[in-house]
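Keep the sequence and the 3D view side by side as you read.

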Amino acid sequence: MVAVLVARTGRQLQRYNGVQRQVVGCIPYRLKGSIKTSGIEDALEVLVISAQRKGKGVLFPKGGWEIDEDIETAALRETIEEAGVMGDVESKLGKWCFKSKGNDAFYEGHMFPLLVDNELEDWPEKEIRQRQWMSASRAKELCQYSWMREAVDLLVTRLVSNDSNPKKLESKM
């Protein structure tokens, strides 16, 4: 039996912090080798997706956090829907307040690293989004949101710190 993935739609279940809509997302990543041996630039790749509006750059998967989900479940769901990847959602990188590029709404955004272990061939937004693996530095050049660029910096710092501290690596296993 094959499970059919369908993206959630509508805003009836959306969470708000006052007037700010709460959104969650992930920075999907993979390591092609040891950070210590290869360096972070060669070892780390992140997965970006195209914006729904053509010509608006790239971003990381994110979307509404709904009232019937915990935050990690929502982040994983959005990543599956928009980027078609699955994996382990790691501890939160941070929380940002930002203004929408498309309207005057303000949002509260939460970002998590996601160590990818499965790339799906089909996913709900496959027809409207492209996905591409690239270096973290290249993703920062192309990403349209400053708060997502900050999240990439935090991910890089965390990975470099964990790689240089064997006790932190052991606790992740």
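E78 is buried, with a relative accessible area of 6%; buried here means under 20% relative accessible area, exposed means over 50%, and partly exposed covers what lies in between, using a 1.4 Å probe and protein chains only. Before going further, a word on the source: this is a predicted model, in which local features need pLDDT of at least 70 and side-chain atom pairs count only at pLDDT 80 or more, while totals for chains, interfaces and linings use all residues. Residues are numbered from 1 along each chain as its sequence is written, and side-chain values use heavy atoms, with hydrogens and water left out.

Where does E78 sit? It is found in helix α3, residues 71-83; helices (H or I, at least four residues) and strands (E, at least two) are DSSP runs, numbered from the N terminus. Not counting residues up to four places away in sequence, E78 touches V24, P61, K62, G63, G64 and A83, where contact means heavy atoms within 4.5 Å.

The buried residues of α3 are I71, A74, A75, R77, E78, T79, I80, E81, E82 and A83. What covers them includes the strands β2 (20-31), β3 (44-50), β5 (62-64), β6 (85-89), β8 (106-119) and β9 (131-134).

At the start of α3, a side-chain oxygen of D70 reaches to within 3.2 Å of the backbone nitrogen of E72. After the helix comes G84, whose phi is positive, near 70°.

Leaving out residues up to four places away in sequence, E119 touches R30, G84, V85, R131 and W133. E119 and V85 are 34 residues apart in sequence, yet their C-alpha atoms are 4.5 Å apart in space.

Another glutamate, E90, lies in the loop between β6 and β7 (94-99). E90 is buried, with a relative accessible area of 14%, and a polar contact of 2.7 Å joins its side chain to that of Y29.

Now turn to the nonpolar interior. In soluble globular proteins, nonpolar side chains tend to be buried together. A nonpolar core is a set of buried Ala, Val, Leu, Ile, Met, Phe, Trp, Tyr and Cys residues joined through side-chain atoms within 4.5 Å. Of the 43 residues in the largest such core, I27, V46 and F60 touch the most other members. The largest share of this core, seven residues, comes from α5. Beyond its neighbours within four places in sequence, F60 is in contact with residues including C26, I27, V46, M148 and V152.

Helix α5 (residues 146-163) should span 26 Å for its 18 residues at 1.5 Å each, and its end C-alpha atoms are 26 Å apart, which agrees. Among its buried residues are W147, M148 and V152.

Which residues form one aromatic cluster? W96, F98, Y107, Y145 and W147 do. Rings of Phe, Tyr and Trp (its six-membered ring) pair if their centres lie within 6.5 Å; planes under 30 degrees apart count as stacked, over 60 as edge-to-face and the rest as tilted. By this rule the count comes to five aromatic pairs. One of them, W96 with W147, is tilted, at 5.9 Å centre to centre and 45° between the planes. This pair links distant parts of the chain, with W96 in strand β7 and W147 in helix α5, 51 residues apart. W147 is buried, with a relative accessible area of 4%. F98 and W147 form a stacked pair, 4.4 Å centre to centre with 15° between the planes.

How values were computed
A polar contact is a pair of N or O atoms within 3.5 Å; within protein, one must be able to donate a hydrogen and the other to accept it, and residues adjacent in sequence count only if both atoms are side-chain atoms. The expected span of a helix is 1.5 Å times one less than its number of residues.
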